[in-house]
Amino acid sequence: MLRSTLVQAILLAGILAMRGEASAAPRSPAASAAQTPRATQPAAGTAESPTDSKPPSAVVSSPAKRPSLSSAVPRDYLQEAPPKAKRGLASIATRSERGTLRVGGLLQAWYQADEAAPDSFRGRRGEVKLYGDMTDKVYYYIMFDSAKELHQNKVDILQSGRPLSDLYLGYRLGEHTFVDFGQYKIPVTKEGRGSSGKLDFAERAIVTRTYGDRRDQGLQVRHESSKFELRAAILDGEELNRADTNDAKDVTGMISWHPNKRLEAGASVYRGRQAVTLGRKDRTGVELEWKPGRWDLKGEYTEGQDFARRSAGWYTTAAYTLGPRWQLALRREAFEADRSIVNGAEHATTLGANYFLDGHFAKVQLNYIARQESPSIANDQAILAMQVAF
Ligand SMILES: [Ca+2]
Ligand SMILES: [Ca+2]
């Protein structure tokens, strides 16, 4: 109890400090408009006609600024390029005097050939995202993965198969600083917190999907500037769609430094207590990405502890872009679910080919995953994935 109260006090102090910093350097509406790209072509029926720029006389006197169609959601969540007018679905957005609404989605269909399981077609991801701003300070984000039930052929005591993934409301403390309140991705591991729509391979590495790509409920402070990204959060620690089972609150954070477009280095940490027995739940990870020329080289190492069990894993990926359409990628990875077991690590080598029909908005991925473990079993896998994201 004392510990969680302390953590809450520290977090609150952090928020107040950042608020002070934000109010010390107020930004002009003009500057903010210049820096926030707007979705340029709303869909039919939500038209931003030229007359839209002159609000009806009834609201002329209203000092409230209409928020831009860009959103304050974490940039990792969004597709790489800002929506362009000609990008069709990417421009679905609507704006009213009450705020903005944008629609996003990530659809993936797979064919999976597996040495250890029946070969199968699979609707892997069916994410529907609704997000926007209610004022120039207040924003919201909700995401459902409608395909979750399709691949959970088991009793789901953890509620992870429920389609609700993200649900948060937020407040913009300053130009680059936000507070998210609700359910969102924990910041552990770079690949885990990044968008599922921008992966080098059809699936994340074992280490990043074990520790990262996980959601929890809490309060998060986020700072995203041109060279730094920082997050600090306080969480229930029960993962998504579950109420806390103890009074303890977990804390997590990340820092990432990207001095230029080619280099990014970061670290993430998680300290928590789980179950009624308050067993340890810790993660510590480092991450590095370097993009010289056509190459994209990245790697992460993360270790964890759950109760007394210690685990660790890493991956390294080398991707080479052949041209606007083709990219080849190779990944080596290892994961040790229990470090007390000798030779207990599983290793995998994944060879991937990506064919971009329209960047990450529409792409086809072919992966072959060779898995090595001890004792050896036949469990290699091939995946053909097609994706549409907007
Ligand atoms: Ca807890
Ligand atoms: Ca094997």
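Mentor: First, a term: two residues are in contact if their C-beta atoms, placed from the backbone, lie within 7 Å. Please also keep in mind that this is a predicted model.

Trainee: What share of the contacts with a separation of 6 or more comes from residues 24 or more positions apart?

Mentor: Such residues account for 54% of those contacts in the protein chain.

Trainee: And how many helices and strands are there?

Mentor: The protein chain has 5 helices and 17 strands. Of its 390 residues, 32% are buried.

Trainee: Turning to the strands, how do β10 and β11 run?

Mentor: Strand β10 (residues 263-274) and strand β11 (residues 279-290) run antiparallel and are joined by 12 bridges. V269 stands opposite T284 in β11. The two strands form a hairpin with 4 residues between them, and A275 in the turn has a positive phi of about 65°.

Trainee: Which residue takes a positive phi in the hairpin of β11 and β12?

Mentor: That residue is G293, with a phi near 55°; this hairpin has 4 residues between the strands. β11 pairs with β12 (residues 295-306) in the antiparallel sense over 10 bridges, and R283 stands opposite G304 in β12.

Trainee: Now the largest nonpolar core: which residues touch the most other members?

Mentor: I206 and V207 do, in a core of 17 residues. α5, β8 and β13 each supply at least two residues of this core, and the largest share, 4 residues, comes from β8.

Trainee: What is V207 in contact with, leaving aside neighbours within four places in sequence?

Mentor: The contacts of V207 are E300, T302, G313, W314, Y315, E333 and F335.

Key: Residues numbered from 1 in each chain as written. Chains lettered and ligands numbered in written order. Predicted model: local features only at pLDDT ≥ 70, side-chain atom pairs only at ≥ 80, totals over all residues. Buried ≥ 20, exposed ≤ 12 C-beta atoms within 10 Å, placed from the backbone. Pairing = 2+ DSSP bridges. Core = buried A, V, L, I, M, F, W, Y, C linked by C-beta atoms within 7 Å.
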